[in-house]
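Trainee: I am new to this structure. Please take me through one part of it closely, strand by strand.

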Amino acid sequence: MIIGTRGSQLALAQTKNVARLLKEQGVETSLKIIKTSGDRFTDRPLHAVSGGVGAFVRELDDVMLAGEIDIAVHSMKDMPTVRPPTLPTASVLKRDTPFDILLTYDGTTLDELPEQSIIGTSSLRRAAQIRRYRPDLITQDLRGNIDTRLRKLKEGQYDGILLARAGLERLGWELEGEILSPDFFCPSPNQGTVAVVTRAGTEAEAAVSRLEDLESRIVTEIERILIFELGGGCTTPIGSYAELTQDKKQIHVRAEVLSLDGREAVRIDEFIPMLGGIEKARELGHRLVQMGGKRLAEEALLQLSRDSCDCSDDSYD
Ligand SMILES: NCc1[nH]cc(CCC(=O)O)c1CC(=O)O
């Protein structure tokens, strides 16, 4: 079976891991690197390249529908909400750390950073959350692969940078940093989770489905449902995070929409039962809309003159 992947460091690391897990199950795979248009035109902003948001995922979908690959591995948070019905997510892998991490040159924490410190991030959500937490700090766009980002921090272009902890870990970086609490830095929906896509009804689907982690499937699904009605996807500052309680009978759900400047936010933070959780999550999604979440998301979208988002930016490429 052929596993397709983009050539970015992170995509390769994730794909090789899935190949290893499949091999443990006695399934041999070969790797095929797919050059997506986002990779070819790195000088252009993503919105100028075909598809914009979620473009990388869609291009791999096309290659799979054409039969050139059997399996595709994605960072689940980069997958658009609406998926082709013939390309099921055959498995959701066990989630890694879902949280964001702040890296500073000398280990200074977020609370200790001096006023006017410059924080680098390419994510609107992280920028808005930082502005809310510390309005005296300055947020600036941060692009490039992980090595570039770390170099920019080291060179002093930024006093701190924000990243998904999971990405760093998957690339083998063991760096000291401050893990940010989901109470103030509610992560992106599905952050830290890898999903594996196949064509429906294939041998590949059966093989891949054995890698499924049920709990990760449940919480990621809940996170998507919570924000489904807000629209805007990853181009607006939206967080959604679901976590099973110790006894596994309830799910702690947090979700929020922020204004770009972080001054306004609409938020839910509740425990819902496992049984009937999907229905309850839908209700909470409605409530987010009623509380003005959709208005905030739409306003953010209108204000956006640049293409910067959690999922389609060139992180780690
Ligand atoms: N935006 C790109 C992206 N997609 C997935 C990850 C990290 C790994 C993950 O969350 O699964 C990242 C980098 C980041 O947000 O810092």
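Mentor: Start with a term: two strands pair if DSSP finds at least two bridges between them. Keep in mind that this is a predicted model.

Now the sheet. It is open and has 5 strands, in the order S7-S6-S8-S5-S9. The pairing is mixed. Strand S7 (138-140) and strand S9 (178-179) stand at the edges. Each has a single partner strand, so one side of each is left without a neighbour in the sheet. In general, strands of a sheet pair through backbone hydrogen bonds, either parallel or antiparallel.

Look closely at strand S8, residues 160-164. On one side, S8 pairs with strand S6 (residues 118-120). That pairing is parallel and has 2 bridges. Find Ile119: its bridge partner in S8 is Gly160. Strand S5 (residues 100-104) also pairs with S8. Here the two strands run antiparallel, and 5 bridges join them. Ile101 stands opposite Leu163 of S8.

Stay with Ile101 for a moment. Ile101 also has a bridge partner in S9, namely Ile179. S5 and S9 are joined by 2 bridges in the antiparallel sense.

How covered is S8? Of its 5 residues, 5 are buried. Both faces are covered. Gly160, Leu162 and Ala164 lie on one side, and Ile161 and Leu163 lie on the other.

The largest nonpolar core has 41 residues. Leu163 is among the members that touch the most others, along with Ile222, Leu226, Val253 and Val257.

Follow Val257 next. Leaving aside residues up to four places away in sequence, Val257 touches residues including Leu230, Ile238, Ala265 and Leu288. Gly293, Leu296 and Ala297 are also among its contacts.

Those three belong to the buried residues of helix H10 (residues 293-303), as does Ala300. Seen down the axis of H10, the buried residues fall within an arc of 100°, so they line one face of the helix. The elements covering them include strand S11 (238-244), strand S12 (250-258), strand S13 (265-273) and helix H9 (277-290).

Technical notes
Residues are numbered from 1 along each chain as its sequence is written. This is a predicted model: local features need pLDDT of at least 70, side-chain atom pairs count only at pLDDT 80 or more; totals for chains, interfaces and linings use all residues. A residue is buried if 20 or more other C-beta atoms lie within 10 Å of its own, exposed if 12 or fewer, and partly exposed in between; C-beta atoms are placed from the backbone. Helices (H or I, at least four residues) and strands (E, at least two) are DSSP runs, numbered from the N terminus. A nonpolar core is a set of buried Ala, Val, Leu, Ile, Met, Phe, Trp, Tyr and Cys residues joined through C-beta atoms within 7 Å. Two residues are in contact if their C-beta atoms, placed from the backbone, lie within 7 Å. The arc is that of the directions from the helix axis to the C-beta atoms.
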